[in-house]
Amino acid sequence: MFPKQVSIFEVGARDGLQNEKPVSTQDKIVLIQDLAKAGIKRIEAASFVSPKWVPQMADSGEVLRNMKREADVIYSALTPNLKGLELALDAKADEVAIFGAASESFSQRNINCSIQESIARFVPLMERAKAENIRVRGYVSCVLGCPYEGEIAVSEVARVSEILYKMGCYEISLGDTIGVGTPNNARKMVQAVSQVVPVAQLALHFHDTYGQALANILACLETGVSVVDSSVAGLGGCPYAKGASGNLASEDLVYMLHGLGIETGIDIDLLAKAGNSISQALGRQTGSKVAQALIS
Ligand code: HMG
Ligand code: MG
């Protein structure tokens, strides 16, 4: 049985733009405002990571300070450590996200520390976030495979997810960082994690590198999961996962969900417009098949 409603967590302005050629701060602001106009209620708008590691996100504070906000939209920011959280609080992010991995090698390359060390880093961040009454989301990368280690044990995905959940993350987003999963193993992974984290607190974050993301999401919706991350126009990839392409395009996801009679609250034409505008700013074609069909 599919859920009646799915909540889309839009990551194009962060996961997408962190791995595209730089665009202006104003282009980012227009994108975020356009996404809100299309009816998206959860937008990852910023990332307070080292600007030496990810220069594309260096203007995150400016973006959050200058964009027009809608009262019913949650604007989120990625924060790897306490320093990132302080910057996110200064810029008035509504919620933040920490990110860990189920693969040691990926953890080292992405955040320069082991899984264990990353968890130690998150402790003071979680304490400060609690004191500030700000919600924290938790990402786990490499849940269906790692660019350096290949296969990742489902037990390790469940172990890291449980740790982040027990630390106080209100939602655990399961990242198929390099898009290698297929429907059966994706569903089995979600079922395994839902033994230790309630399924209502899980989200899917599937990159579309191998063109499997839509099929994988469809398979996982049967587990009861009802939050899906996606990226308008299929923007992006991951700077620490060579060859990774963007998350599944939001337009393609919304089209499928509406076709299944699942509500999202999103206006697909306005969503496609938002994706087409940012694609123009990037000088490239949209990565969404649905948006291409709607324009032609
Ligand atoms: P480090 O070099 O180990 O950190 O990096 P450090 O504490 O030794 O600090 C080094 C320098 O960075 C210092 O500056 C710090 O002040 C600065 P310096 O003295 O050299 O001038 N620094 C910061 N600056 C701004 N904001 C901060 C911050 N922290 C330290 N928050 C660190 C460790 C985690 C910072 C670094 O490895 C980093 O920024 N990594 C981020 C990598 C990243 O953004 N990856 C992409 C996002 S994750 C992703 O896309 C996956 C996801 O989508 C899920 C999926 O698909 O699987 C979420
Ligand atoms: Mg990602």
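1. Strand β1 (residues 7–10) runs parallel to β2, and two bridges join them. Strands here are DSSP E runs of at least two residues, helices are H or I runs of at least four, and both are numbered from the N terminus. Strands pair if DSSP finds at least two bridges between them. F9 has R42 in β2 as its bridge partner.

2. This is a predicted model, where local features need pLDDT of at least 70, side-chain atom pairs count only at pLDDT 80 or more, and totals for chains, interfaces and linings use all residues. Residues are numbered from 1 along each chain as its sequence is written, while chains are lettered from A and ligands numbered from 1 in the order in which they are written.

3. β2 also pairs with strand β3 (residues 74–78), in the parallel sense, over five bridges. E44 stands opposite S76 of β3. Between β2 and β3 the chain passes through helix α3 (residues 60–66), a right-handed β-α-β crossover. Right-handed means that, with the strands pointing away from the viewer, the path from the first strand over the helix to the second runs clockwise.

4. Strand β2 (residues 42–47) has six of its six residues buried, so the rest of the structure largely encloses it. Buried means 20 or more other C-beta atoms within 10 Å of the residue's own, with C-beta atoms placed from the backbone. Across the 296 residues of the protein chain, 53% count as buried.

5. The protein chain holds twelve helices and eight strands. Its C-alpha trace spans about 50 × 40 × 35 Å along the principal axes.

Methods:
Buried ≥ 20, exposed ≤ 12 C-beta atoms within 10 Å, placed from the backbone.
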